[in-house]
Amino acid sequence: MQTPKIIILGAGYGGLITSRQLEKTLRNGEAEVTLINKHDYHYISTQLHKTGAGTASDEKITLHIPELLKTDKIQFKKGTVQGVDNTAKKVFLESGEIIDYDYLMIGLGFDVSTFGIPGVEENAFKIKSFRSTKAIYNHILRQFAAYKEDLDPSRLTFAVAGAGFTGIEMIGELIEAMPKLCLQYDIPVSATRIINIEASATVLPGFDKEAIHFTESYLKKNGVELMTSTKILECSPTSIILDNGEELQLRTLIWSGGVRGNTLLEKMDLPISKGRILIDKFLRVKGMENVFCIGDAALFMKDEGTPLPPTAQVAIQQAEVCGPNIVASLRGEQLKTFEYHHKGTVASIGNKAAVGKVFGLKINGLFAALMKQVIEARYLFVLGGPGLVIKQFLKVGKPHS
Ligand code: FAD
Ligand code: NAD
């Protein structure tokens, strides 16, 4: 019998931690495992807002994937997935290469939802990947440089669409970045504007009242113009139109209006809902025995019929079960049912403040910011053990601004 082939698509939290689990669980020579990812680096997606504002160095946000794989049980292949044929059990790469599999794990993550709002896809900046957030920072630098020439106030007007967790974390970094950029370009801070536009009545819709109150006060205290109950209807390269009839002149709209599954998933002929692949209690694609899917690409329904949110916390917990379940499948053993345990949520507002709820305890301010750092360190620990936590901590975290 031939050695079974396991292919993992995507080296986000889901794909990498599944790989680590396979390294631990598989016996030598029991299966051939290949992890495929667009780039040879993993980006820490929970910190992408920092890349967008230039408040963390590239070295802090990206990790070289081959270094994260501890054994030669997993082969890494840099490649962009173009499609999958589930009948022929083949993965197609943009390079033209075709890869066979016996077991497939889809961890291709998220795309940004722009809801067909005119001009957003073409003109707004997205918090989606390391490259997309790097593009935000480079654009901001260009606006500062150009302002020195033309003094056009639209260049230093920065708007963030959405005040969900991503929007608030992005705003928090902009608050920290502005004074440093102003110093660098010798421009008064008063020439800059940060605007946060949210369709719902409050920031962090649906979250705790205390957290909402703390966040709104913190933003206002730091000069952010908060526009709640306001929808963005259109975006051009130099302005946005709001549903209150206002047109704001600006050249930077950072879109954090929501996420969906990777659009590539729609081409895979798999059961899909709201852009995400429907999976069963064992994390297999509904109706399939050899294809697994986890993280933001997957839609896992809780017993009461609500889906789990697209978070790193969910992706990590799923990966810890997915790896052993793939091995159980190939050994013909009983698979484990996935159960999610919510530990809490903490959103940073820059380095010095955060809001959240951890193990039922509401926290905000500096203590919450420290807790957020502990959570980020834990993610690193799960990815690469204590060595990686120390290595990342020791990296000269020289921010870009
Ligand atoms: P991803 O992390 O998106 O990984 C997908 C991988 O697939 C990437 O490596 C990508 O390069 C690769 N890929 C995509 N397309 C292709 C292709 N065609 N071919 C090959 N490779 C491909 N969640 C939390 O729980 N806590 C937080 O504090 C938190 N903070 C966040 C902050 C921000 C700014 C953002 C944007 C999200 C945050 N989240 C947080 C959500 C969290 O980042 C995601 O839920 C998590 O990254 C999902 O992991 P994943 O492995 O499913 O996908
Ligand atoms: P989201 O869907 O939670 O928030 C998007 C926000 O944009 C909503 O509040 C929505 O009302 C607003 N919006 C949509 N269209 C708009 C428009 N036209 N004009 C103005 N506002 C508009 O999306 P997100 O914040 O990107 O979060 C995605 C997922 O990632 C969530 O599951 C979240 O929990 C997770 N996440 C977690 C953290 C954390 O735990 N610290 C950080 C970031 C993201």
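Which polar backbone atom is 2.8 Å from a nitrogen atom of ligand 1? Select V81 to find out: the polar backbone atom belongs to V81. Keep in mind throughout that this is a predicted model.

**Stop 1: ligand 1**

Then show the side chain of N37, which places a polar atom 2.9 Å from an oxygen atom of ligand 1. The protein buries 92% of the 1,000 Å² that ligand 1 exposes when taken alone.

Next, display the shell of 32 residues around ligand 1, in which G14, S45, V81, D296 and K372 come nearest. By type, the shell holds 12 nonpolar, 16 polar and 4 charged residues. Color helix 9 (312-331); with 3 residues, helix 9 gives the most to this shell. Now color domain 1 (5-38 + 79-112 + 260-341) and domain 2 (120-257): both give residues to the shell, so ligand 1 lies between them.

**Stop 2: ligand 2**

Move to ligand 2 and select the 27 residues that surround it, among which T166, E198, A199, I232 and V346 are the closest. At I232, a backbone N or O atom lies 3.0 Å from a nitrogen atom of ligand 2. At F165, a backbone N or O atom is 3.2 Å from an oxygen atom of the ligand. P310 has a polar backbone atom 3.4 Å from an oxygen atom of ligand 2. Of the 850 Å² of accessible area that ligand 2 has on its own, the protein covers 77%.

Finish by selecting helix 7 (165-185) and strand 24 (344-348), each of which supplies at least two residues of the shell around ligand 2.

Key:
Residues numbered from 1 in each chain as written. Chains lettered and ligands numbered in written order. Predicted model: local features only at pLDDT ≥ 70, side-chain atom pairs only at ≥ 80, totals over all residues. Heavy atoms only, no water. Near = heavy atom within 4 Å. Polar contact = N/O pair within 3.5 Å; in protein donor to acceptor, adjacent residues only side chain to side chain. Areas by Shrake-Rupley, 256 points an atom, 1.4 Å probe, with all protein chains shown as cover. Helix = DSSP H or I, 4+ residues; strand = E, 2+ residues; numbered from the N terminus. Nonpolar A, V, L, I, M, F, W, Y, C, P; charged D, E, K, R; others polar. Domains from an automatic or database assignment.
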